[in-house]
Amino acid sequence: MNLVLQGTGDCKARLERISALTASANLTWLGESAVRCEGIAFSPALRQTIEVAAQAAQLDATYSIGLHKMSDYKLVAMDMDSTLITIECIDEIADMQGLKKQVSEITEAAMRGELDFSESLKRRVALLEGLDASALERVYEERLQLSPGAEVMLKAVQAAGLKTLLVSGGFTFFTERLKTRLGLDYTHANQLEIVDGKLTGKVVGGIVDAEEKKRTVESVCAELNIDPSQAIVMGDGANDLKMMGISGMSVAFRAKPVVREQANVALNFVGLDGILPLLT
């Protein structure tokens, strides 16, 4: 069994301290902020000890059997809100209506898996009725930021020839701009209905829920003539679990507990580029 430990900032001393707990005779340093402990004698007790210690040291710990290479994968599929970007776009749009608290509470419950996503989205979008569509541009220009490590990760996977998919329960207004900005290959999201320059409080067409996200990943894989096991899928909320579940590597990024528990990889401290040390 192998274990990759990684952190941010000046973390070498912390990495050395936690890696020593594994009693690994073969440590491979992956730069200054990540180390792979190879051939560790895995046990549930040791795993718990390391995970508690790593959490306290603000390090991410990822276990794997054998080594994974970038060439094992052909597609990276990402959720948008709170994964590729730091915000929930609908919450920030709602802020323009003075309704951020009300909408964000529904968003949080949906991401924890406590509410049906489709119904929660309809409820939230309905609250935006009458808002000037220019609010979308304000959110994009003033509030939308890429998550840490996003550009580094994307440049690395694109340079290696992997295709990229942004599949979101958010909105096409944002996914299409990010597609152009980041050179993404595919995007799929919900379309807000706009009439006479104002939001109607409705979504055009079907809603991109958990099942639709899974279907989208499967469809893109079929188009690329690859198996879903050759996809890396990243998400943070309960509506990402179905598409993560069919992937070869599922990555929970700053995710809700229900997502962290089911993912192959949980990145709680490092950026999205934290997948790169796992693929060397």
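Visitor: Where is M1 found, and what makes M1 partly exposed?
Guide: M1 is found in the segment before β1, where strands (E, at least two residues) and helices (H or I, at least four) are DSSP runs numbered from the N terminus. The relative accessible area of M1 is 31%; since buried means under 20% and exposed over 50%, with partly exposed in between (1.4 Å probe, protein chains only), M1 is partly exposed. This is a predicted model, in which local features need pLDDT of at least 70 and side-chain atom pairs count only at pLDDT 80 or more, while totals for chains, interfaces and linings use all residues. Residues are numbered from 1 along each chain as its sequence is written, and side-chain values use heavy atoms, with hydrogens and water left out.

Visitor: How do you know that T216 is buried or exposed?
Guide: T216, whose place is in helix α9 (residues 210-224), has a relative accessibility of 9% and therefore counts as buried. Leaving aside residues up to four places away in sequence, T216 touches L165, V167 and H188, where contact means heavy atoms within 4.5 Å.

Visitor: Which residues of helix α8 are buried, and what covers them?
Guide: In α8 (residues 172-182) the buried residues are F173, F174, T175, L178 and L182, and their cover includes α3 (89-95), α6 (134-142), α7 (150-159), β6 (163-171) and β7. Just after α8, G183 takes a positive phi of about 70 degrees.

Visitor: Why is one side of β2 and of β4 left without a neighbour in the sheet?
Guide: The open sheet has 4 strands in the order β2-β3-β1-β4, with antiparallel pairing. At its edges stand β2 (26-29) and β4 (60-64), each with a single partner strand, so one side of each has no neighbour in the sheet. From one strand to the next, the twist averages 20 degrees, an angle between N-to-C directions on a scale from 0 to 180 degrees, with axes fitted to C-alpha atoms (for helices, over the stretch in contact). Helix α2 (residues 44-56) lies across β1 and β4, running at about 155 degrees to β4.

Visitor: Over how many bridges do strands β1 and β3 pair?
Guide: Two strands pair if DSSP finds at least two bridges between them, and β1 (residues 2-6) and β3 (residues 34-38) have 4 in the antiparallel sense, with C37 of β3 as the bridge partner of L3.

Visitor: What joins strand β7 to strand β8?
Guide: The antiparallel strands β7 (residues 186-195) and β8 (residues 198-204) are joined by 4 bridges, and V195 has K198 in β8 as its bridge partner. Their hairpin has 2 residues between the strands, and D196 takes a positive phi near 55 degrees.
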